[in-house]
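Subject: Structure handover

Hello,

Here is the structure you asked to take over. Please open it next to this email while you read.

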Amino acid sequence: MDILKLLRKDHDEIRELFAKLENMDNDNVADVEDTFSELRSALINHAKAEEFSLYARIEEVGETRKYALEGLQEHDVTEYLLSKLYGMPIDDWENWNASVKVLKEVVEHHLHQEEKVVFKAVKKEFSLVEREEMAIKFQDQKHSQLVSAPKLTKYKVYEEFKSQI
Ligand SMILES: [Fe+2]
Ligand SMILES: [Fe+2]
């Protein structure tokens, strides 16, 4: 399997989660929280495994090195925005939505850049055999890390607190 196919598949899943999150309202905050947790795990798992398999390899080659360095910076920005959202109460709906929108814009730009520019360069510089080796690394890394977002956020803590009164 070509790593580029695996990465695109993940990208589509991430896009679907954003679309799901965007169509939600604040009637059911727990659902929003669950979808956000899923999105957060998907983003972190994808980025870390991508860094380990694709970026680690392409930064060794002059033609593609800059893409790995730029991509790492964008992953850092994404992680910063995710941590900011993680600490934000969802019932502050206006600010929550504004932050989700900015996160989506940053991630969309990043995915688009990878698909339209980076993957093309990778296809040019690396053979299918090399891309298959990267795919094995990507899958192994993804399975070993399994970063799952902590389920308990401020909202759930508050709900549990209320149910005990
Ligand atoms: Fe990616
Ligand atoms: Fe990426």
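Below are the notes on what was found in it.

This is a predicted model, in which local features need pLDDT of at least 70 and side-chain atom pairs count only at pLDDT 80 or more, while totals for chains, interfaces and linings use all residues. Residues are numbered from 1 along each chain as its sequence is written, and chains are lettered from A and ligands numbered from 1 in the order in which they are written.

Confidence

pLDDT is the predictor's confidence in each residue, from 0 to 100. The protein chain has an average pLDDT of 89, and 88% of the residues score at least 70. Helix H1 has the highest confidence, at 97, and helix H6 (residues 154-164) the lowest, at a mean of 49. Over residues 149-158 the pLDDT is below 50, and this stretch has 14 contacts in the model beyond near neighbours in sequence. Two residues are in contact if their C-beta atoms, placed from the backbone, lie within 7 Å.

Overall layout

The protein chain has six helices and zero strands. Both are DSSP runs numbered from the N terminus (helices: H or I, at least four residues; strands: E, at least two). Of the 165 residues in the protein chain, 24% count as buried. Buried means that 20 or more other C-beta atoms lie within 10 Å of the residue's own; exposed means 12 or fewer, and partly exposed is in between, with C-beta atoms placed from the backbone. Among contacts between residues at least 6 apart in sequence, 74% join residues at least 24 apart.

Helix H1

The 20 residues of H1 (residues 3-22) should span 28 Å at 1.5 Å a residue, and the end C-alpha atoms are 29 Å apart, which agrees. The expected span is 1.5 Å times one less than the number of residues in the helix. Which residues of H1 are buried? They are Ile3, Leu4, Leu6, Leu7, Ile14 and Phe18. These residues cover an arc of only 160° around the axis, which puts them on the same side of H1. The arc is that of the directions from the helix axis to the C-beta atoms. An α-helix has 3.6 residues a turn, so residues three or four places apart point the same way. On the other side of H1, Lys5, Lys9, Asp12, Glu16 and Ala19 are exposed. The cover over the buried residues of H1 includes helix H2 (29-58), helix H4 (93-125) and helix H5 (128-145).

Arg15 is in helix H1 and counts as partly exposed because it has 14 C-beta neighbours inside 10 Å. Its C-alpha atom is separated by 8.0 Å from that of Glu108, 93 residues apart along the chain. Asp10 is also in helix H1, and is partly exposed, with 19 other C-beta atoms within 10 Å.

Helix H2

H2 has 30 residues and reaches 41 Å from its first C-alpha to its last, close to the 44 Å expected. A kink of about 45° in H2 is centred on Glu51. The bend at a residue is the angle between axes fitted to the seven residues ending there and the seven starting there.

Nonpolar cores

A nonpolar core is a set of buried Ala, Val, Leu, Ile, Met, Phe, Trp, Tyr and Cys residues joined through C-beta atoms within 7 Å. The largest has 15 residues, and those with the most contacts inside it are Ile3, Leu4, Leu54, Ile58, Val122 and Phe138. H1, H2, H4 and H5 are the elements that give two or more residues to this core. Apart from it lies another core of 13 residues, among them Phe18, Val32, Ala47 and Val107.

Regards
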